[in-house]
Amino acid sequence: MTHIEPWEMAGKCTLGYGPKSIIVQQVLGERRVQKSIDVHVRVPQHKPAIEQIVDVFVKKLQITCVDIIHDKVVIRGEFEVKALYVACRPRQPVHAVEVWPIRFTAYADIRGARRGMEADASVVVEFVDYDVEEHTRAYWHKKKAHDYDDCQDEDYCDDDYDECDCDCDYDEGCHHKHKTLKKHKFKPHCKPHKPCHCTRRFDVSVVLGVTVKVMTDREVMLNSPQGLPYKPKG
């Protein structure tokens, strides 16, 4: 076998040199959308009713499926809503109630998206808040620090909000003995008396932010005078 040194190859035709093609992934489109979900929460009978809601938050947020259809991406996922609350009991222990799973579906319009392309999606919680029926203790605890001012005259307001010592559920009625409430004249700026009714129901509003992008394969020529492309084709 004859050995040929590299410098002896000058002027001879060799294979393997010249333009080559590779397949790369480029972002066809990216978009961020919002999805709002309203969740109705009810405390089960084996747990005490709600005196005050301490905190409401979202857990186990995840995307379960991403589908691409014509010019559109469909994102599906699920999450859990958990609430910490003070029980309507004399010692006021803290309890928790969960709702799982809560499923959601969002979609984003991305021009040029087609079946078979790859997509990537992520989701974050942008807003969480709760609402509860009026004339309940939970509503009173939520609103008293924001909507009512302190009393200016003791003749018009009574600071003894626990005068009604009730430990009953709003849904079932009260079967306990209560103290007789004194009648007071109220001014608009005064805090109302603490209601006697607890509740087992409240609503949670959740706003999710979903970001999705679609990738497409593109053939790129190496060693080409045009170089690599700066944007996706089409």
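Modeller: Let's start with the salt bridges: the count comes to 9, where a salt bridge is a side-chain nitrogen of Lys or Arg within 4 Å of a carboxyl oxygen of Asp or Glu. This is a predicted model, so local features need pLDDT of at least 70 and side-chain atom pairs count only at pLDDT 80 or more, while totals for chains, interfaces and linings use all residues. Residues are numbered from 1 along each chain as its sequence is written, and side-chain values use heavy atoms, with hydrogens and water left out.

Biologist: What makes Arg-76 and Asp-67 a salt bridge?

Modeller: Their side chains meet at 2.7 Å, N to O, and the rule asks for within 4 Å, so the pair qualifies.

Biologist: Why is Arg-76 called neither buried nor exposed, but partly exposed?

Modeller: Buried means under 20% relative accessible area, exposed over 50%, and partly exposed is in between (1.4 Å probe, protein chains only). Arg-76 has 36%, so it is partly exposed. Asp-67, with 31%, is partly exposed too.

Biologist: And what does the pair of Asp-71 and Arg-114 tie together?

Modeller: The closest N and O atoms of Asp-71 and Arg-114 are 2.8 Å apart, which makes a salt bridge. Asp-71 lies in the loop between E2 and E3 and Arg-114 in the loop between E4 and strand E5 (118–131), so the pair ties together parts that are 43 residues apart in sequence. Asp-71 has 24% relative accessibility and Arg-114 has 34%, so each counts as partly exposed.

Biologist: How do you know that Asp-129 and Lys-142 make a salt bridge?

Modeller: The N to O distance is 3.6 Å, and the limit is 4 Å, so the pair counts. Asp-129 sits in strand E5 and Lys-142 in helix H1, 13 residues apart. Those labels come from DSSP: helices are H or I runs of at least four residues, strands are E runs of at least two, numbered from the N terminus.

Biologist: What makes E2 and E3 a pair of strands?

Modeller: Two strands pair if DSSP finds at least two bridges between them. E2 and E3 have 15 bridges, in the antiparallel sense, so they pair. Within that pairing, Val-58 stands opposite Val-81 in E3. Strand E3 (residues 72–87) and E4 have 14 bridges, also antiparallel, and here Gly-77 has Phe-104 as its bridge partner.

Biologist: Why are E2 and E4 called edge strands?

Modeller: The open sheet runs in the order E2-E3-E4. Strand E2 (50–69) and strand E4 (94–109) each pair on one side only.

Biologist: How do you know that E3 is mostly covered?

Modeller: Of its 16 residues, 13 are buried.

Biologist: What makes Ile-50 buried?

Modeller: Its relative accessibility is 0%, so Ile-50 falls under the 20% cut-off. Ile-50 lies in strand E2. Leaving aside neighbours within four places in sequence, its contacts (heavy atoms within 4.5 Å) include Val-43, Tyr-85, Cys-198 and Phe-202.

Biologist: Is Arg-137 buried or exposed?

Modeller: Buried: its relative accessible area is 6%, so Arg-137 is under 20%. Arg-137 is placed in helix H1 (residues 137–147). A polar atom of its side chain lies 2.9 Å from the backbone oxygen of Pro-195.

Terms used
Polar contact = N/O pair within 3.5 Å; in protein donor to acceptor, adjacent residues only side chain to side chain.
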